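Before turning to the points below, please have the coordinates open beside this note. The comments go from individual charged residues to the interface and then to the packing.

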Amino acid sequence: MIPYKYIFKKSIAFLVVLYAAITLNFLLPRLIPGDPAEVVYLAIIKEGGGSVNPVYIHQLEAEYGISNAPMYTQYLQYLEDLLHGNLGISIAFFPEPVSSILSEALPWTLYLVITSIVISFFIGNRLGRYAGINRNTFRDLLIDLFSMFMASFPAFVLAFIMLDIFSVDSGIFPIGGAYSSSVNIGFNMPFIVSAIYHSFLPILTIILTSIGGWVLGMRNNIIPNVNSDFISFSENLGLQKEQINRIAYRNAILPNLTGFSMSIGLSVSGVIIEESIFSYPGVGLYMITAIDSLDYPLLQGIFLMVIIAVLVGNLVVDILYGFFDPRIRQEGE
Amino acid sequence: MNHNLFKNRSINKIPFKFNKIIKPLKILLTNNKAKAGFIILTGMIIFGILGQFFTPYNPNKYEFAGSMPPSYAHILGTTVYGQDVFSQLFYGAAPTLLVGFSVGIIGTFISIFVGISAGFASERLNSIVTGIINIFLIIPGVLLIMLFGSYFLGIHESLGYLPTILILVITGWAFGARTFRSITLSIAKRDFILSSMLIGESRLSIMFRQIIRAIFPVIISNFFFTAMYGTMGLTFVEYLGVGNLLQINWGTMLYWAINNEAYLTGLWWWILPPSFMISILMFSFILLNFGMDEIGNPSLRRFNRKKNKKGDINEFTEN
């Protein structure tokens, strides 16, 4: 049974948020005092020297509100450019359009985010389940303290320490990049192995820093479930300990599943920071360069694309959730 | 009709009692996790206040030889530039704490207001506000910080403490609002709210007297969560280099240490102390957050069953 109405509702919400993000992206540079657009404009002229195409300058003026056209014309122009996939031209990597930079960088970021969030979710929930079932034991205390410490240590410092120990000093893992230069890009075995090898350290670091929330959340969800009436009932029925734990676990995982879609945004924040540290050629690496050189077109492109990716991720998770939890299905009908 | 009933309409006029403020604090200290967190945090605050008056050296001055390892004269060595690391750590504690607390307080106030009104309002308003909350939850905070920060850099301004707090509040209030909304939704269905409404108490008064009272532990727990976000966010702002890097706090200390590659050149006494101080501060926030959760949700608490073994009635004593 497909929960059509629920999917419809979620899709509408998705479109509304998407529209809000696009509009925010348009408004922000125009709301900040001191006109950052001027800075972009001057930088482009300086970078391109005399060879800047006048058509391009005209387009830039329209994009950054330097033109004296009324706001709504600028807005319509902005939307039209967006529909054509035109995000402007980067300043730091001058003649290259933002959209081509992003199409190179975004897949790597998505790969990191999806892999790390899924692994972290599964391991975190299992650890939390173990701690919650064995609560008030020494093992529980160890897991709790580990999770709390991991959640509280600054993520980027951990990344630097990992980089220093495992890449720089011992050379076990590569210092940067997403794959070694000796393999052909494509769907072949050496490339996949090389990509996994290069991404191992960043993914491990992201998992370590994001796992604490899942562990502690799961532990606190499962404890009331273990103490609840339906568990005593199952015990009296003579079910095995493992079966009972599974029942409690299934009930306790629901809040974490809801949290899953919400945590995508947070994980993306983390991944962006880690990428710049591990010189991983994702969005984060370009972002640091973009901030340093005040590359507004690139920054705005990153902002928009990452938000669209996060929104799509949210929509997919929400729809899947509708299949998992019958209560939500009913609510939508 | 009994007129005393109307004279004693105490629901609309709950007398302010000092006890009501002190009592939650006392409960706070009955929980082991919360107690540990409270002690660490108090220590941090004292450290921060003392740091404003008693630094061993001037934290701003470049007056020593650079990259000196820890010694008696310099407990935590010196930076590449020749600043005393311990003085910086000592002096930078207060601003770090202040940013964390301000974000916690302002963010919690906004989320209380938004969350409770959404949970108690009509269905249409509820869905609109929920949509707004979701937008703020979904947008990754780092991206907004980076956009704002770079616009400010473009006009040759860096984010001072006030803009930093502001942007962290903007990106951080939504988590709490979501929690408060869902709790308010469930509390609004309970009998004591219905009876208050039947007596004729105004909706505003129910929202901000009755419901706030009922969810007080959650509010405190959320305050520590938001304060944690604020502290973490400060380090992000400084790490991205969009903050005012001449200010001394644990975030800027990390920024300078990282940008001079202290982790590669073996200057561990420069990068590790601020990291661990941040981590201890966050740790105390997490402990308090979890302790308050346990106080609000008794099924998470631990109990001693000593009396049960002797064959007495099920009488639990709290540990």
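Is A:Asp318 buried or exposed? The points below begin with that residue.

1. Basis of the note. This is a predicted model, in which local features need pLDDT of at least 70 and side-chain atom pairs count only at pLDDT 80 or more, whereas totals for chains, interfaces and linings use all residues. Residues are numbered from 1 along each chain as its sequence is written, chains are lettered from A and ligands numbered from 1 in the order in which they are written, and side-chain values use heavy atoms, with hydrogens and water left out.

2. A:Asp318 and its partner. A:Asp318 counts as buried, at 17% relative accessibility, where buried means under 20% relative accessible area, exposed over 50%, and partly exposed in between (1.4 Å probe, protein chains only). A:Asp318 forms a salt bridge with A:Lys10, and the closest N and O atoms are 3.7 Å apart; the term stands for a side-chain nitrogen of Lys or Arg within 4 Å of a carboxyl oxygen of Asp or Glu. A:Lys10, for its part, is partly exposed, with a relative accessible area of 27%. The pair links distant parts of the chain, 308 residues apart, with A:Asp318 in helix H12 (residues 296-324) of chain A and A:Lys10 in helix H1 (residues 4-31) of chain A. Helices here are DSSP runs (H or I, at least four residues), as are strands (E, at least two), and they are numbered from the N terminus.

3. Over all chains the count comes to four salt bridges. One of them joins the side chains of A:Arg219 and A:Asp140 at 2.9 Å, N to O; A:Arg219 lies in helix H8 of chain A and A:Asp140 in helix H6 (residues 138-152) of chain A, so this pair ties together parts that are 79 residues apart in sequence. A:Arg219 also forms a salt bridge with A:Asp144, with the closest N and O atoms 3.1 Å apart, and because A:Asp144 lies in helix H6 of chain A and A:Arg219 in helix H8 of chain A, that pair ties together parts 75 residues apart in sequence. Through shared partners, A:Asp140, A:Asp144 and A:Arg219 are joined into one network. The relative accessibility is 4% for A:Arg219, which counts as buried, 2% for A:Asp140, also buried, and 5% for A:Asp144, likewise buried.

4. A:Ser194. Helix H8 (residues 189-226) of chain A also holds A:Ser194, which is buried with a relative accessible area of 8%. Leaving aside residues up to four places away in sequence, A:Ser194 touches A:Ala178, A:Tyr179, A:Ser180 and A:Val183, contact meaning heavy atoms within 4.5 Å.

5. The interface. Chain B and chain A bury about 4,800 Å² between them, 79% of it on carbon and sulfur atoms; buried area is the accessible area (1.4 Å probe) that two parts lose on being put together, summed over both. Of the area that chain B buries against chain A, B:Ile138, B:Tyr151 and B:Tyr239 supply 15%, more than any other three residues. The contact takes 47 residues from chain B and 58 residues from chain A, and the count of salt bridges between the two chains is zero.

6. Packing. The largest nonpolar core has 149 residues, among which A:Phe156, A:Ile302, B:Met146, B:Leu240 and B:Trp250 touch the most other members; such a core is a set of buried Ala, Val, Leu, Ile, Met, Phe, Trp, Tyr and Cys residues joined through side-chain atoms within 4.5 Å. H14(B) gives the most to this core, with 15 residues. B:Leu240 touches residues of both chains, including A:Ile273, A:Met287, B:Val142 and B:Met146, not counting residues up to four places away in sequence. A second, separate core of 11 residues includes B:Ile112, B:Ile193, B:Ile206 and B:Ile211.

7. Chain B overall. Chain B has 15 helices and two strands, and 49% of its 319 residues count as buried. Among its contacts between residues at least 6 apart in sequence, 70% join residues at least 24 apart.
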